Amino acid sequence: MLTTFSTIVMAQKKQQYKEIKISKTSEVINVSADELWKIIKDPKAVEKWSTLIDSATISGEPEFEGVICSERVCKVNAKGHHDSYEKITSYSEKTHEITFISTKRPSFILYVDTHWKVIEIGPKQSAIQMNNTMHLKRFMGFLLGGLMKKSIFKNVNNGIEDLTVFAETGEISEAKKSRIEALKKENKENRLE
């Protein structure tokens, strides 16, 4: 009887939100897994290469050996998004994995995590696997779920493209260059006002 009751309670809990899951593995990136991991494992470095992130501020004592902080705040460059407050909830030098969970979000978003894993393909070849999970309140999930899934998928694809260019060339992508120029122009206009 206990098992049946637990099963019912779990089934009811599952129905309380709409889950969105996105999983994407990049094409082969022509750098070693260790080189790619050096870029990924630094929570602040994302501001250097990602068009989606204008800046990243890190804070907090590390909770995992090998990581430099426990939290970060990213200024996000995406329509409808605000600053992203994240906590590192898992980290492994050995398996080249890091997970962030969103700590501040709109009330209709119940849970968000982002999990990155570097996969070794060959001596100078690797790939990045990005997994995103989001739980939305059922009504809002029904209304916005499709749009949000499309937006997340687009951001993941753009992030992989930015990362690939940066890892393989040491240079930022054309999209990131354009974003930096737009920010400079915006800042200049704000100073003139």
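User: How many aromatic pairs does the structure hold?
Analyst: This is a predicted model, where local features need pLDDT of at least 70, side-chain atom pairs count only at pLDDT 80 or more, and totals for chains, interfaces and linings use all residues. Rings of Phe, Tyr and Trp (its six-membered ring) pair if their centres lie within 6.5 Å; planes under 30 degrees apart are stacked, over 60 edge-to-face, the rest tilted. The number of aromatic pairs is 3.

User: What kind of aromatic pair do Trp 49 and Trp 116 form?
Analyst: Residues are numbered from 1 along each chain as its sequence is written, and side-chain values use heavy atoms, with hydrogens and water left out. The two ring centres of Trp 49 and Trp 116 are 6.2 Å apart. Their planes stand at 50 degrees, and the pair is tilted.

User: How many residues apart in sequence are the parts that Trp 49 and Trp 116 tie together?
Analyst: Helices (H or I, at least four residues) and strands (E, at least two) are DSSP runs, numbered from the N terminus. Trp 49 sits in helix H3 (residues 46–49) and Trp 116 in strand S6 (residues 109–122). The pair therefore ties together parts separated in sequence by 67 residues.

User: Is Trp 116 buried or exposed?
Analyst: Buried means under 20% relative accessible area, exposed over 50%, partly exposed in between (1.4 Å probe, protein chains only). Trp 116 has a relative accessible area of 8%, so Trp 116 is buried.

User: Which kind of pair do the rings of Phe 100 and Trp 116 make?
Analyst: The ring centres of Phe 100 and Trp 116 are 6.2 Å apart. Their planes lie at 70 degrees, so the pair is edge-to-face.

User: Which residue lies over the face of Phe 100?
Analyst: A charge sits over a ring if NZ of Lys or CZ of Arg is within 6 Å of the ring centre and within 35 degrees of the ring normal. At 3.8 Å from the ring centre of Phe 100, the residue over the face is Arg 72.

User: What is the distance between the closest N and O atoms of Glu 86 and Arg 72?
Analyst: A salt bridge is a side-chain nitrogen of Lys or Arg within 4 Å of a carboxyl oxygen of Asp or Glu. Glu 86 and Arg 72 form one, with closest N and O atoms separated by 2.5 Å.

User: Where is His 96, which has a positive phi of about 55 degrees?
Analyst: His 96 has this phi although it is not a glycine. Its relative accessible area is 11%, so His 96 is buried. Its place is the loop between strand S4 (84–92) and strand S5 (97–104).
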